Amino acid sequence: MERMSFDLAQVPLRELNSFLHQDAPAKGVHQVVVTNPDGAHNIAVGLDCPVEVEIVGHAGYYAGGMNKLASITVVGSAGTGVAENMMSGRVHVKGFASNGAGASMHGGLLVIDGDAGLRCGISLKGGDIVVGGSVGSFSAFMAQAGRMVICGDAGDALGDSLYEAVLYVKGKIKSLGADAQIEPMSAADYATVKELLDAAGMQHDAKDFKRVASARSLYHWNAEADQEY
Amino acid sequence: MCGIVGLLVKKPALRPRLGELMVPMLIGMTERGPDSAGLAVFTEPLAEGERKISLYSGMTEEGADFNWLGLGHELKAHLGIDTKLAVQGNHAILTASIAPEPVKRWIREHYPRLHILSTGRAIDLYKDIGTPAEVAARYAFSGLAGSHLVGHTRMATESAVTPDRAHPFTAGEDFCLVHNGSLSNPYGVRRMLEPRGIRFETDNDTEAACRFLEWRLREGDDLETALQKGFEELDGFYTFLMGTADKLALIRDPFACKPAVVAETDDYVAIASEFRSLAHLPDIKHATVFEPAPEEMYVWNA
């Protein structure tokens, strides 16, 4: 039994998730196809084995959240918080993703072919996010580590209060957040962008990307700053 | 948390099926709003001089046993007008060929606990406490016909769970609004509107948004201008879905704090807080599905 199918119009979601948590690793199932997801929340959350999951349709909130090792593909759009807190593995959304995609991710690769909503990569702690389209406002807010490649535009306050995560943007940036700045691209940056685009299967020229990183001016308290509010 | 649904059918042949298509959408939003539900349906408009008024007797002592026939007789005796009443338990739609204001004034004076839900030539409004499935069954939502509708499932956060605080809210004629979110300046908006003679019926924050936007429309703004003023004046979290006699309109706050998703085919435009309320619509697999952007206006014509 290498491949399994779950029709969520027929079986409850809990059955699918329990299979993915317990039986898939125990029985050596490598591929699971999920049909009729119909926007259900929490599909394939908390996986902890190298299984491939294909969700055919639109997923609801937190699809692939907390993922470890698994490779999860959504052939459709994903709701709020896709791949939230992913530790490792891969989540690929072929449509668009709603708000908070990849929030608080620690590792792994999140690929979104379409647009991502607001707060994409908020509090990123590691891992990589590649967005084929544009990202909404407040993306990479307080992102601490990891890398983001944005092939379209970015909304307001990109990288606000950024720590050590690095963002690469091809399109227009509506506005940068506090302490985020555009920096020159080095040879290592071009190589990084190419590596991530290749991993995501996207065709862009790394030369067209800008680097956004922290100016680190918020790292230390400035007692001299104007404190009137 | 609350749930929003909206549906506009593009082909007249689908109008008789509007309610049937919508009921699974409304029930799909039960987890987001289990305490009350409601909807406004827009039908073929009545003739120029006619008006219909949706009435709710659930807050009177008689409740669903309210003497609707008696109300009709009294209106005839005191105002000398003929009315038609389509009754469904604690709900009735009163139709008359006169200006609505004297009728509404008389009802407020003589039946202060009879709640006036809506007024217009096209709008019928239903709302009550209970789960979406219970409310849909109570008023036979699946049999409703019309060109478009606006529905809501409520999980109350800003005011008590009562029928008059359920959504949709209405103001003026043929205008309604449903809201997912919470406003931070409803009392400021209210203090600005009340001196202009605009009367509030509840302490609900959504009512302030509804009356503000209807006031702008009445002052001559077109829908887009009124919505722009809404972005400037209404502070807080919101996805608003509004209905007029011939339009559906959707806006989200600049932070997109509350969700919305739209599915469009050649046959319909469907709006819901989440995709799971759209999943059962016909031909949904081929629909164009998108997430409306924050601080943008989306207006669809019936």
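How many helices and strands does chain A have? Chain A has two helices and 11 strands. Helices (H or I, at least four residues) and strands (E, at least two) are DSSP runs, numbered from the N terminus.

This is a predicted model, in which local features need pLDDT of at least 70, side-chain atom pairs count only at pLDDT 80 or more, and totals for chains, interfaces and linings use all residues. Residues are numbered from 1 along each chain as its sequence is written, while chains are lettered from A and ligands numbered from 1 in the order in which they are written.

**Confidence**

The model scores ipTM 0.93 and pTM 0.95. Chain B has a mean pLDDT of 97. In chain B, 100% of the residues reach 70 or more. Here pLDDT is the predictor's confidence in each residue, from 0 to 100.

**The two chains**

From the N terminus, the elements of chain A follow the order β-α-β-β-β-β-β-β-β-β-β-α-β. The radius of gyration of chain A is 18 Å, close to the 17 Å from the globule rule for 229 residues, so chain A is as compact as a globular protein of that length. This radius is taken over C-alpha atoms, and the globule rule is 2.2 Å times the number of residues to the power 0.38.

Chain B comes to seven helices and 16 strands. Its radius of gyration is 18 Å, close to the 19 Å that the rule gives for 302 residues, so chain B is as compact as a globular protein of that length.

The table sets out burial and span. A residue is buried if 20 or more other C-beta atoms lie within 10 Å of its own, exposed if 12 or fewer, and partly exposed in between; C-beta atoms are placed from the backbone.

| Chain | Buried residues | C-alpha span along principal axes |
|---|---|---|
| Chain A | 51% of 229 residues | about 65 × 40 × 25 Å |
| Chain B | 49% of 302 residues | roughly 55 × 45 × 35 Å |

Contacts tell another part of the story. Two residues are in contact if their C-beta atoms, placed from the backbone, lie within 7 Å. In chain A, take the contacts with a separation of 6 or more: residues 24 or more positions apart account for 24% of them. In chain B, take the contacts between residues at least 6 apart in sequence: 74% join residues at least 24 apart.

**Helix α1 of chain A**

Helix α1 covers residues 13-27 of chain A. At 1.5 Å a residue, its 15 residues should span 21 Å, and the end C-alpha atoms are 20 Å apart, which agrees. The expected span is 1.5 Å times one less than the number of residues.

Where is the kink in α1(A) centred? The kink is centred on A:L20 and is about 45°. The bend at a residue is the angle between axes fitted to the seven residues ending there and the seven starting there. A:L20 is also one of the buried residues of α1(A), with A:L16 and A:A24. Their cover includes β1 (3-7), β2 (31-35) and β3 (52-56) of chain A. Just after the helix, A:G28 has a positive phi of about 70°.

**Strand β8 of chain A**

Strand β8 holds residues 145-150 of chain A, and five of its six residues are buried. Strand β7 (residues 125-131) pairs with β8(A) in the parallel sense over five bridges. In that region, A:D128 stands opposite A:R147. Strand β9 (residues 166-169) also pairs with β8(A) in the parallel sense, over four bridges. There A:V149 has A:Y168 as its bridge partner. Two strands pair if DSSP finds at least two bridges between them.

**Backbone exceptions**

Most residues other than glycine have a negative phi, and most peptide bonds are trans. A:D38 is not a glycine, yet has a positive phi of about 50°. A:D38 sits in the loop between β2 and β3 of chain A. A:D38 is partly exposed, with 19 other C-beta atoms within 10 Å. A:S161 has a positive phi near 55°. A:S161 lies in the loop between β8 and β9 of chain A. With 15 C-beta neighbours inside 10 Å, A:S161 is partly exposed.

Chain B has a cis peptide bond from B:H167 to B:P168, with omega near 0°. B:P168 is in the loop between β8 (148-154) and β9 (169-170) of chain B.

**B:N180**

Is B:N180 buried or exposed? B:N180 is buried, because 28 C-beta neighbours lie inside 10 Å. B:N180 belongs to strand β10 (residues 175-183) of chain B. Leaving out residues up to four places away in sequence, B:N180 touches B:C2, B:G3, B:I4, B:T239, B:K258 and B:S273.
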